[in-house]
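Please read the following report alongside the sequence and the model. It takes the sheets and their helices in turn and then turns to individual residues.

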Amino acid sequence: MRLLRGRASDHERDYDRTREMVARVADDDEPALRVWRPHRQVAFGRRDRRVEGYDRAREAATERGYAVLEREVGGRAVAYTGRTVAFALAEPTADGRGDIGARYDRVSGAVQRALEAVGVDASEGEPADSFCPGAHSLQATGKLVGIAQRVRQDVALSAGVVILRDHDAIAAVLAPVYEALGVPFDPGSVGSVARAGGDAAGVVDALVTELVGSRPVTARDSIRDT
């Protein structure tokens with residue numbers, strides 16, 4: 001497995017680096033894991049872009065100092081403060097989709113163990129009116145992890161966000177964004193590792209340990225602009 005850390009110089013180049021990682025996995029069938037802190041941004045999904053209030057939601061984000069990114073997948077808006085952690089695990093799949101449910105269970109279990117290692121007892125699920133509502137979330141004094149999966153013919157990408165400390169800042173930007181989108185949102189539903197009493201400084205290393213598992217790491221690279 002290849003392990004990648006770091007981020008590119010801006011949010012759009014950074015997004016491209018993950019897509020390039022996925023394309024390389026499709027070419028050589030070697031899994032790859034990226035764990036990093038994305039730039040300060042609000043990432044909108046396809047469903048957001050179909051809503052009448054989407055332009056107002058974008059303005060709400062930019063007025064508060066967040067760049068805007070449009071994701072290729074569905075789901076609702078997610079905010080990154082520049083200190084929020086993201087992970088992306090790309091794995092080859094021979095049959096086009098594989099067992100999506102089993103993959104969710106495996107990745108969610110790994111993230112739960114990583115949180116336990118830093119002192120957070122997280123459980124599956126999310127409070128009502130959470131950000132980017134979905135069936136694959138983890139909560140502990142609020143939602144602090146969201147996990148999504150995108151499967152193409154030859155690669156499955158399991159990706160997620162882990163909120164370390166900035167639950168108040170994320171709630172503050174998502175409240176007007178979700179209001180413009182017409183999506184129910186409770187700012188108090190946003191959790192974080194720190195809010196749950198965990199050691200936020202140890203999260204990245206714990207995620208790498210659990211998501212790599214027993215697979216040997218063949219290369220350790222830093223994401224850089226070319």
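Which strands does H1 lie across, and at about what angle does H1 run to E2? H1 lies across strand E1 (2–5), E2, strand E6 (85–92) and E10, and runs at about 165° to E2.

## Basis of the report

This is a predicted model, in which local features need pLDDT of at least 70 and side-chain atom pairs count only at pLDDT 80 or more, whereas totals for chains, interfaces and linings use all residues. Residues are numbered from 1 along each chain as its sequence is written, and side-chain values use heavy atoms, with hydrogens and water left out.

Helices (H or I, at least four residues) and strands (E, at least two) are DSSP runs, numbered from the N terminus. Two strands pair if DSSP finds at least two bridges between them, and contact means heavy atoms within 4.5 Å. Axes are lines fitted to C-alpha atoms, for helices over the stretch in contact, and angles run from 0 to 180 degrees between N-to-C directions.

## The sheet of 8 strands

An open sheet of 8 strands has the order E7-E8-E9-E10-E6-E2-E1-E11, with mixed pairing. At its edges stand E7 and strand E11 (219–222), and because each has a single partner strand, one side of each is left without a neighbour in the sheet.

Within this order, strand E9 (residues 143–151) and strand E10 (residues 155–162) run antiparallel and are joined by 7 bridges; Gln-149 has Ser-158 in E10 as its bridge partner. Helix H4 (residues 100–117) lies across E6, E7, E8, E9 and E10, and its direction is at about 150° to E9.

## The sheet of 3 strands

A further open sheet, also with mixed pairing, consists of 3 strands in the order E4-E3-E5. Strand E4 (67–70) and strand E5 (78–80) are its edge strands, each pairing on one side only, and neighbouring strands are turned by 25° against each other on average, direction ignored.

Strand E3 (residues 41–44) is joined to E5 by 3 bridges, the two running antiparallel, and Ala-43 stands opposite Val-78 in E5. Helix H1 (residues 11–28) packs on this sheet by touching E3 and E4, its direction making about 30° with that of E4, while helix H3 (residues 54–63) lies across E3 and E4 and runs at about 140° to E4.

The structure holds 2 aromatic pairs (ring centres of Phe, Tyr or the six-membered ring of Trp within 6.5 Å; planes under 30 degrees apart are stacked, over 60 edge-to-face, the rest tilted). One of them is the edge-to-face pair of Phe-44 and Tyr-54, at 5.2 Å centre to centre with 85° between the planes. Phe-44 lies in strand E3 and Tyr-54 in helix H3, so this pair ties together parts that are 10 residues apart in sequence.

Both Phe-44 and Tyr-54 are buried, where buried means under 20% relative accessible area, exposed over 50%, and partly exposed in between (1.4 Å probe, protein chains only). Asp-14, placed in helix H1, also counts as buried at 2% relative accessibility; leaving aside neighbours within four places in sequence, the contacts of Asp-14 include Arg-7, Arg-34, Trp-36 and His-39.

Most residues other than glycine have a negative phi.
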